[in-house]
Amino acid sequence: MKVDVLLGLQWGDEGKGKIVDVLTPNYDIVARFQGGPNAGHTLEFENQKYILRSIPSGIFQQGKTNIIGNGVVLDPALFKAEIEALEASGHPLTDRLLISKKAHLILPTHRLLDAAMEQAKGDSKIGTTGKGIGPAYTDKVSRNGLRVGDLFHNFEEKYKQATSRHIEMLAQYDFEYNLEEIEAEWFAGVEKLKAFRIIDSEHFINKSLASGQGILAEGAQGSMLDIDFGSYPFVTSSNTICAGACTGLGVAPNKIGDVFGIFKAYCTRVGSGPFPTELFDEDGQQMRDVGREYGSVTGRPRRCGWIDLVALRYTVMLNGVTKLVMMKSDVLDTFETIKACVAYNINGEETEDLPYDISENIEPVFVELPGWKTDMTEMQSEDEFPEEFNNYLSFLEEELGVPIAIVSVGPNRAQTILREQSK
């Protein structure tokens with residue numbers, strides 16, 4: 001068996017959680033391979049809305065195992081809040097969720113450092129969510145991190161050492177904080193965390209593959225936020241591309257099967273950073289309002305713009321995408337004309353390749369296609385698609401060189417259409 005990978009191709013917020021939920025019945029295991037509680041995956045079904053931050057999006061499907069992999073950074077306090085919210089809605093989690101011993105912990109002082117460093121940047125802020133993700137990954141890479149497995153191995157001493165080091169670092173900033181207040185909540189989260197089965201996830205996953213079980217690896221954020229290949233420095237702190245599934249779960253590259261690349265029919269971004277196709281007019285506001293483009297974790301309004309095929313071709317290449325999934329098609333239902341950026345004009349020269357720096361002197365080269373002017377939210381099959389929408393799909397497939405296997409026409413689980421070529 002192979003590990004199929006599902007990830008975002010843009011700047012995050014593509015709708016990965018919904019598609020993981022839709023695809024989970026085809027798998028035995030769903031595993032998160034990177035990111036932390038800055039990632040908010042929204043799912044809607046049976047007239048309820050759920051937001052998952054650290055827990056894999058397959059958690060609502062009965063009889064399925066969900067794993068928080070070693071590449072994830074986990075905040076026990078936020079984990080506890082997330083678990084209790086889901087348990088209150090009637091979903092049993094203890095038997096469905098496993099946690100890697102090698103997942104790194106976000107400490108209370110990581111959150112303080114995140115806030116202090118972002119405040120110190122002033123107008124040059126990255127736009128972090130303030131959840132301590134960057135400092136936690138920094139400690140991981142510098143070999144100073146604490147892992148879930150450390151909770152059972154002389155943890156008190158390790159925690160004191162890490163916290164003392166962080167307090168010394170905080171002294172460099174003009175930043176007020178109350179550590180004791182957030183520590184109490186954090187240690188309550190640690191006790192909640194210990195109630196779950198904590199495993200050597202790399203062994204578990206590879207033995208599951210060997211026994212013939214199907215595994216879906218779930219990514220967080222988006223490929224354009226990858227620490228190596230994204231719009232640096234306005235990126236996250238982990239590898240969000242397909243290669244991150246190998247290191248974030250402990251599987252070999254030859255064990256990767258299908259790669260589902262998810263993108264919106266347009267484009268959005270949260271926080272700071274370059275966005276060549278961003279709109280500042282009524283069209284951008286309409287996308288934001290109709291698409292409910294506000295962060296599921298932060299509540300921040302998302303920046304909106306036309307689809308960027310230069311960036312999408314780049315992320316399709318990096319990830320080896322085999323199947324595309326287009327989200328929020330319905331948001332464009334009322335537009336007379338749809339635009340798509342097919343190239344960049346940089347200082348008078350046109351290119352279809354993503355340049356090293358996309359922050360300056362880029363003029364998007366657009367093509368225009370007729371809109372479909374049809375409400376697609378109630379459609380049940382691709383046979384109902386209007387001709388103009390089919391033309392948009394065909395145009396994107398030709399530009400990207402990969403079939404669009406799934407089309408979403410609304411936020412609900414049921415508003416998902418599998419095209420004939422993917423069945």
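**Entry 1: aromatic cluster**

I began with the rings: Phe 155, Tyr 159, Trp 186 and Phe 187 are linked by ring pairs into a cluster. For pairing I used rings of Phe, Tyr and Trp (its six-membered ring) with centres within 6.5 Å; planes under 30 degrees apart count as stacked, over 60 as edge-to-face and the rest as tilted. I note that the model is predicted, that local features need pLDDT of at least 70 and side-chain atom pairs pLDDT 80 or more, while totals for chains, interfaces and linings use all residues. Residues are numbered from 1 along each chain as its sequence is written, and side-chain values use heavy atoms, with hydrogens and water left out.

**Entry 2: α5 and α6**

Helices (H or I, at least four residues) and strands (E, at least two) are DSSP runs, numbered from the N terminus. Phe 155, Tyr 159, Thr 163 and Ile 167 in α5 meet Leu 179, Glu 183, Trp 186 and Phe 187 in α6; contact here means heavy atoms within 4.5 Å. I sorted this contact by class and got 6 nonpolar, 1 polar and 1 charged residues. In this scheme Ala, Val, Leu, Ile, Met, Phe, Trp, Tyr, Cys and Pro are nonpolar, Asp, Glu, Lys and Arg charged, and the others, Gly among them, polar.

For the geometry, I found that the axes of α5 (residues 155–170) and α6 (residues 179–194) come within 14 Å and cross at roughly 150 degrees. The axes are lines fitted to C-alpha atoms, for helices over the stretch in contact, with angles from 0 to 180 degrees between N-to-C directions. The crossing of α5 past α6 is right-handed, a crossing being left-handed if the near helix is turned anticlockwise from the far one by less than a right angle, and right-handed if clockwise.

**Entry 3: other aromatic pairs**

I counted 12 aromatic pairs in the structure. One of them, Phe 175 with Tyr 177, is stacked, at 6.4 Å centre to centre and 25 degrees between the planes. Tyr 177 is partly exposed, with 34% relative accessibility. My cut-offs are under 20% relative accessible area for buried, over 50% for exposed, and partly exposed in between (1.4 Å probe, protein chains only).

Trp 306 and Phe 335 form an edge-to-face pair, 5.6 Å centre to centre with 70 degrees between the planes. Trp 306 is in the loop between β13 and β14 and Phe 335 in the loop between β15 and β16, so the pair ties together parts 29 residues apart in sequence. I checked burial for both: Trp 306 is buried at 3%, and Phe 335 is buried at 4%.

**Entry 4: strand β11**

I then turned to β11 (residues 256–264), where 7 of the 9 residues are buried, so the strand is largely enclosed by the rest of the structure. Strands pair if DSSP finds at least two bridges between them. β11 pairs with β1 (residues 3–8) in the parallel sense over 5 bridges, and Val 5 has Val 259 as its bridge partner. β11 also runs parallel to β15 (residues 323–327), joined by 5 bridges. In that pairing, I found Phe 263 opposite Met 326.

**Entry 5: backbone**

I found a cis peptide bond between Tyr 232 and Pro 233, with omega about 5 degrees. Pro 233 lies in the loop between β10 and α8.

Asp 13, not a glycine, has a positive phi near 65 degrees; Asp 13 sits in the loop between β1 and α1 and is partly exposed at 25%. Asn 347 also has a positive phi, about 50 degrees. I placed Asn 347 in the loop between β16 and β17, where Asn 347 is exposed at 62%.
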